[in-house]
Amino acid sequence: MTAVRALGTCMLWRAALCMLLGLSLGCSHRGPGPTPPPVLDTPFKKAPRPVIGAMRVPLDELPQIENFKVIGHNPLPNPGDTRPRGRNGPIGISGNCLYVGSRVGHRPGTGPAFGTPELPPEILIVDISDPSEPEVVGALPTILNATSRELRTIPDLHTLIVMNFRDAGPDSSAVNNYQLYDISDCRHPVLTQTIPLGIDRPHEFFLWRDPRAPWHFLLFSSIHLGDVREPSIRVFELNHPPRGPVSPEPVATFTLTPAVPRTEPVDPSAYRDDHFIFDTEKPAIQRNNVHSMSVSKDGSRTYVANIHGGYYILDSSRLTQGLLCKPHTVTVDATSNTDPELCLRKLDPDPNARVDFTPPNGWTEHSVYPVPGRPYLIVSGERNGTNTCPWSWGTILDITVERSPQVVSRYMMPENLEGNCFVGGPGDPALQREFSPHQQLVFPNLFFISWYSAGLRAWDISNPVLPLEVGVFVPRPATNVVEPFRNSPDVWVWPHPILYNGLIYITDENSGLYVLRYKGARAGELPKKGLFISNTNFLSP
């Protein structure tokens, strides 16, 4: 009875849940007089932890490491400098070269804010032939006023693909484009061709390789930011990259509009009050364009994350099989996606048949990845800002019936619990940090995920109904960063984790590159050779 009495006015079922899961879930105080806010944590000393991961330790106690071993680190300075440059973006690997893009459209530390001429941003080139001593050996200048926000490699074809979009100035094809580089000499990339996008800004892309014709690729791009113009899924064709023909116009497109407007009014009262504690302004408009997508290994399915429109699945089999199909899907009503000859066709033709969490939750739908060989999707939201506690969490969907995905579980950090959003608590905006999940690397029973200020996390999903956190890596941030993200001293782990020859490569936006070995549950299931990233089909198991 002691545990029950300690919960005060909490109901008995909550006490039972606390004891069952070993969690401190907290409760609201309904009696007279003040009560100190709870700090909701998972008080397990060792992994695994069900559903809710380990709370981030305070900044001065970092690093926080569990079931990972640090093999190597490089602070990623600007050329000629020794300090971490900051604003590190996506990573890609080919041979002994690792590429690190930039999240800003200038070299960190240059421009009006620093009283210097603005220089173009650079993709840093890192020699990883010795993973314990990664070394910056070059820099590829990219486009002034554009961020190289995503990149992919095709190692056997010596190809680097860089996605750029406007960071400053006007929108045009000069800043919104895809660039293909020949990396036969991986330290000296050579630009071969560009896919222009005009005023439309891309945001994420999936690179699909045809298993029957390994020189043939489809690049699935989302159009996301700015004054978004539909269609927000556009597919380009590449043959024999990096120098072979590329389609200058999309070979297929998909949009839910006009049946689901790109923007539409929403009742602010539909959002949860406890998701707007510090940032109290609830939106009156929601956006329904595509944020990102992933494609099954055989190309028959495309899994879509719409910003506020939720998750749904497309049949892309005619497109990827090279069959004659109608290239442009415009969703007018519930009959639009019933045409079997469409290149991209929503499996459930009802435009409103989507797994939709927003509202009532206050985030955007960000990522969606299939679990290899199993009928599940790993999805997660994103909510940017240091004042947006409780941020967002992740969900596992069962897609046994593809037309009707079902929620089977959640996974989150303690900082994502609404009860932790109070001044002086883990969600205090004064701490200048953010706890949104971002990008996943998914294997059949295990996935790794970058989680902004929660660092890199590992989750065991052998039982998808009860995901278990089984690994934590939160680096100690560098203190002398040329251009720190949001001028924050904290941790900002952002890009896709990459598994390469049995080691995990990840960057912190401020503190540089880390090479890690995962040592926790199911480590033996990870491939020891090869390159694995979730946004291509040909690098996945």
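User: Starting with the second largest pocket: how does its lining divide by class?
Analyst: This is a predicted model. In it, the lining of the second largest pocket has nine charged, eight polar and five nonpolar residues.

User: Which residues lie nearest the centre of that pocket?
Analyst: His203, His224, His291, Glu382 and Asn384. The lining has 22 residues in total.

User: And which elements give two or more residues to the lining?
Analyst: Four strands do: β8, β12 (201–209), β13 (216–225) and β23 (364–370).

User: How much space lies in the second largest pocket?
Analyst: About 350 Å³.

User: Switching to cavities. How many of 30 Å³ or more turn up?
Analyst: Three, from a search of the whole structure.

User: What lines the second largest cavity?
Analyst: Among its lining residues are Glu230, Phe254, Leu256, Val260, Asn288, Val290 and Tyr312. By class, the lining holds five nonpolar residues, five polar and one charged.

User: Which strand gives the most to that lining?
Analyst: Strand β15 (residues 252–258), with four residues.

User: Now the largest nonpolar core. Which members touch the most others?
Analyst: Phe68, Phe448, Leu456, Ile504, Leu516 and Tyr518, out of 24 residues in that core. The elements giving two or more residues are β28 (446–450), β29 (456–460), β30 (468–474), β32 (503–508) and β33 (512–518).

User: Which of those gives the most?
Analyst: β30, with four residues.

User: What is Phe448 in contact with, leaving aside its neighbours within four places in sequence?
Analyst: The list includes Phe68, Leu456, Ile504 and Tyr518. Phe448 also contacts Gln439, Gln440, Leu441, Phe443, Arg457, Ala458, Pro497 and Leu526. Apart from this core lies another, of 20 residues, with Trp208, Ile233, Val235 and Met293 among them.

User: Salt bridges next. How many does the structure hold?
Analyst: It holds 27. One links Asp315 and Arg345, at 2.9 Å from N to O.

User: Where do those two sit?
Analyst: Asp315 is in strand β20 (residues 310–315) and Arg345 is in strand β22 (residues 345–346). They are 30 residues apart, so the pair links distant parts of the chain.

User: Is Asp315 buried or exposed?
Analyst: Buried, because its relative accessible area is 12%, under the 20% cut-off. Arg345 is buried as well, at 18%.

User: What about the Arg522 bridge?
Analyst: Arg522 meets Glu525, at 2.5 Å from N to O. Glu525 is partly exposed, with a relative accessible area of 43%. Arg522 is also partly exposed, at 30%.

User: And which residue pairs with Arg83?
Analyst: Asp81, with the closest N and O atoms 3.2 Å apart. Arg83 is partly exposed at 35% relative accessible area, and Asp81 is partly exposed at 25%.

User: Which residues are linked in a network of salt bridges?
Analyst: Arg49, Glu66, Arg457 and Glu469.

User: On to the backbone. Where is the peptide bond cis?
Analyst: One case runs from Pro241 to Pro242, with omega near 10°. Pro242 is in the loop between β14 (233–239) and β15. Another cis bond runs from Pro359 to Pro360, with omega near 20°. Pro360 is found in the loop between β22 and β23.

User: Why flag those?
Analyst: Because most peptide bonds are trans.

User: What is phi for His240?
Analyst: Near 50°, a positive value in a residue other than glycine. His240 lies in the loop between β14 and β15. His240 is partly exposed, with a relative accessible area of 47%.

User: And phi for Asn501?
Analyst: Near 50°, also positive. Asn501 lies in the loop between β31 (498–500) and β32. Its relative accessible area is 35%, so Asn501 counts as partly exposed.

User: Last one, Thr142. Where does it lie?
Analyst: In the loop between β7 (135–141) and β8 (146–154). Thr142 is buried, at 13% relative accessible area.

User: What is Thr142 in contact with, beyond four places in sequence?
Analyst: Pro120, Pro121, Glu122 and Ile123.

Notes. Residues numbered from 1 in each chain as written. Predicted model: local features only at pLDDT ≥ 70, side-chain atom pairs only at ≥ 80, totals over all residues. Heavy atoms only, no water. Buried < 20%, exposed > 50% of the residue type's maximum accessible area, 1.4 Å probe, protein only. Contact = heavy atoms within 4.5 Å. 1 Å grid on protein atoms, 1.4 Å probe; cavity = no way out; pocket = protein on both sides within 12 Å on 5 of 7 lines; lining within 4 Å. Points joined across faces, edges and corners; volume = space filled by probe spheres on them. Nonpolar A, V, L, I, M, F, W, Y, C, P; charged D, E, K, R; others polar. Core = buried A, V, L, I, M, F, W, Y, C linked by side-chain atoms within 4.5 Å. Salt bridge = Lys/Arg side-chain N within 4 Å of Asp/Glu carboxyl O.
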